[in-house]
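This report looks at charged side-chain pairs and their surroundings. The sequence and structure come first.

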Amino acid sequence: MNTSAEAAAPNMNVSDPKHLLAFAGGAGLAPKAPGTVGTLVGVVLYLVLSMLPVAAYVLVVAGLFAAGLWAVGTVADQLGADDPPAIVWDEVVGFLVAMIAAPAGIMWVIAGFALFRAFDIYKPWPTDAISSRFQGGAGIMVDDLVAGAYTWLILHVMWMMVEASLRGAGAH
């Protein structure tokens, strides 16, 4: 497999549900920063799904992850590339993982977005070690799952720190 220019700028078959999912409805075809544009699709989806109870949210995200395993692996094979930039469903799902049980408010969404993009781009240890154990759709999806988990952890630590400082401020 390769990461040729053809794989980087594929044609999306709008009648194929695998293409619609893998390219997040076309977001992955953005000429600049398709991963960031895909994450923005994740933000919109999060704003809708955040109204669900946490257990239902987690079940939906698990279903979207499973659908992604099927779609992104198949489309990557069709494109002849290991992880083409146009496939951004992994960013969508990774962001949704990052926002599980996140605190309410636009500032938390912005913080989650920024943290997720940083972890997705820089892939801190052991992201590569974990994702290299997988092939196909799983290989594409797992590094964003790890980025989502890192974001979730940092976001919740930040939330606990804010809550603790507000409780401390109220004690005076």
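K18 is buried, at a relative accessible area of 17%; the cut-off for buried is under 20%. The model is predicted. The partner of K18 is D16: their side chains form a salt bridge, 3.3 Å from N to O. D16 is buried too, at 11% relative accessibility.

The whole structure holds four salt bridges.

| Pair | N to O distance |
|---|---|
| K18 and D16 | 3.3 Å |
| R117 and D120 | 2.7 Å |
| D143 and K123 | 2.8 Å |

Now helix α6. The helix covers residues 106-122, and its 17 residues should span 24 Å at 1.5 Å a residue. Its end C-alpha atoms are 24 Å apart, which agrees. Buried residues of α6 include W108, F113, F116 and F119. R117 and D120 also lie in α6, three residues apart, about one turn of the helix. An α-helix has 3.6 residues a turn, so residues three or four places apart point the same way. R117 is buried at 11% relative accessible area, and D120 is buried at 5%.

The side chain of K123 meets that of D143 in a salt bridge. This pair links distant parts of the chain, 20 residues apart: D143 sits in helix α8 (residues 136-170), K123 in the loop between α6 and α7 (127-131). D143 counts as buried at 7% relative accessibility, while K123 counts as partly exposed at 25%.

Definitions and conventions: Residues numbered from 1 in each chain as written. Predicted model: local features only at pLDDT ≥ 70, side-chain atom pairs only at ≥ 80, totals over all residues. Heavy atoms only, no water. Helix = DSSP H or I, 4+ residues; strand = E, 2+ residues; numbered from the N terminus. Expected span 1.5 Å × (residues − 1). Buried < 20%, exposed > 50% of the residue type's maximum accessible area, 1.4 Å probe, protein only.
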